[in-house]
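Here is a short report on one protein chain. Look over the sequence and the model first, then read on.

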Amino acid sequence: MLGLSCDTVPSLKVWAQSLGGVGYPLLSDFHPHGKASESLGIYNAEGGFPLRSVTIIDPQGVVRAFHVYPAGVLPVPDEV
């Protein structure tokens, strides 16, 4: 599992620390801004941020599941 955000690495570190740490790597899609999110089809260019989503990709690179969440809705860990 990986987390992807358009925030800077220092911002991601502070966010993870505020939660008491996270058990997965956080990737910064800051520069070039949104490039990875855009390639996944989840970048909101108008807002300058990726949409909240869960994408499951198998070891062969095949997308097995994809879901975008509405603003303000968090993924349910047990469902993921």
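## Overall fold

This is a predicted model. The protein has two helices and six strands. Along the sequence, the elements run in the order β-α-β-α-β-β-β-β.

How does the radius of gyration fit a compact globule? The protein has 80 residues, and a compact globule with that number would have a radius near 12 Å. The value for the protein is 13 Å, which agrees. Along the principal axes, the C-alpha atoms fill a box of roughly 30 × 30 × 30 Å.

Buried residues account for 16% of the 80 residues. Take the contacts in the protein with a separation of 6 or more: 25% of them are between residues 24 or more positions apart.

## The largest pocket

The volume of the largest pocket is about 1400 Å³. Its lining is made by 36 residues, and the closest to the pocket centre are Leu2, Gly3, Leu4, Arg52 and Ser53.

Which elements supply at least two residues each to this lining? They are β1 (3-5), α1 (9-18), β2 (26-28), β4 (49-50) and β5 (53-57). Strand β5 gives the largest share, with five residues. Sorted by class, the lining holds 26 nonpolar residues, eight polar ones and two charged ones.

Serine 5 sits in strand β1. Is serine 5 buried or exposed? Its relative accessible area is 16%, under the 20% cut-off, so serine 5 counts as buried. The side chain of serine 5 comes to 3.0 Å from the backbone nitrogen of aspartate 7. Beyond its neighbours within four places in sequence, serine 5 contacts Leu12, Leu27, Ser28, Asp29 and Phe30.

Leucine 12 belongs to helix α1. With a relative accessible area of 7%, leucine 12 is buried too. Setting aside neighbours within four places in sequence, leucine 12 has contacts with Ser5, Asp7, Leu26, Leu27 and Ser28. Look at one of these partners, leucine 26. Leucine 12 and leucine 26 are 14 residues apart in sequence, and their C-alpha atoms are 7.0 Å apart in space.

## Aspartate 58

Where is aspartate 58 found? Aspartate 58 is in the loop between β5 and β6 (63-68). Its relative accessible area is 15%, and buried means under 20%, so aspartate 58 is a buried loop residue. A polar atom of the aspartate 58 side chain lies 2.9 Å from the backbone nitrogen of glutamine 60.

## Two prolines

Most peptide bonds are trans. The bond that joins histidine 31 and proline 32 is cis, with omega at about -5 degrees. Proline 32 is in the loop between β2 and α2 (35-39).

Proline 75 lies in the segment after β6. How exposed is proline 75? Its relative accessibility is 27%, which falls between the 20% and 50% cut-offs, so proline 75 counts as partly exposed. Not counting residues up to four places away in sequence, proline 75 touches Arg52, Val54, Tyr69 and Val80. Proline 75 and arginine 52 are 23 residues apart in sequence, with their C-alpha atoms 8.5 Å apart in space. Arg52 is also one of the residues closest to the centre of the largest pocket.

Note on methods
Residues are numbered from 1 along each chain as its sequence is written. This is a predicted model: local features need pLDDT of at least 70, side-chain atom pairs count only at pLDDT 80 or more; totals for chains, interfaces and linings use all residues. Side-chain values use heavy atoms; hydrogens and water are left out. On a 1 Å grid over the protein atoms alone, a cavity is a set of points where a 1.4 Å probe fits but cannot get out, and a pocket is an open set with protein on both sides within 12 Å along at least five of seven lines; lining residues have an atom within 4 Å of a point. Grid points are joined across faces, edges and corners, and a volume is the space filled by probe spheres set on the points. Helices (H or I, at least four residues) and strands (E, at least two) are DSSP runs, numbered from the N terminus. Ala, Val, Leu, Ile, Met, Phe, Trp, Tyr, Cys and Pro count as nonpolar, Asp, Glu, Lys and Arg as charged, and the others, Gly among them, as polar. Buried means under 20% relative accessible area, exposed over 50%, partly exposed in between (1.4 Å probe, protein chains only). A polar contact is a pair of N or O atoms within 3.5 Å; within protein, one must be able to donate a hydrogen and the other to accept it, and residues adjacent in sequence count only if both atoms are side-chain atoms. Contact means heavy atoms within 4.5 Å. The radius of gyration is taken over C-alpha atoms; the globule rule is 2.2 Å times the number of residues to the power 0.38.
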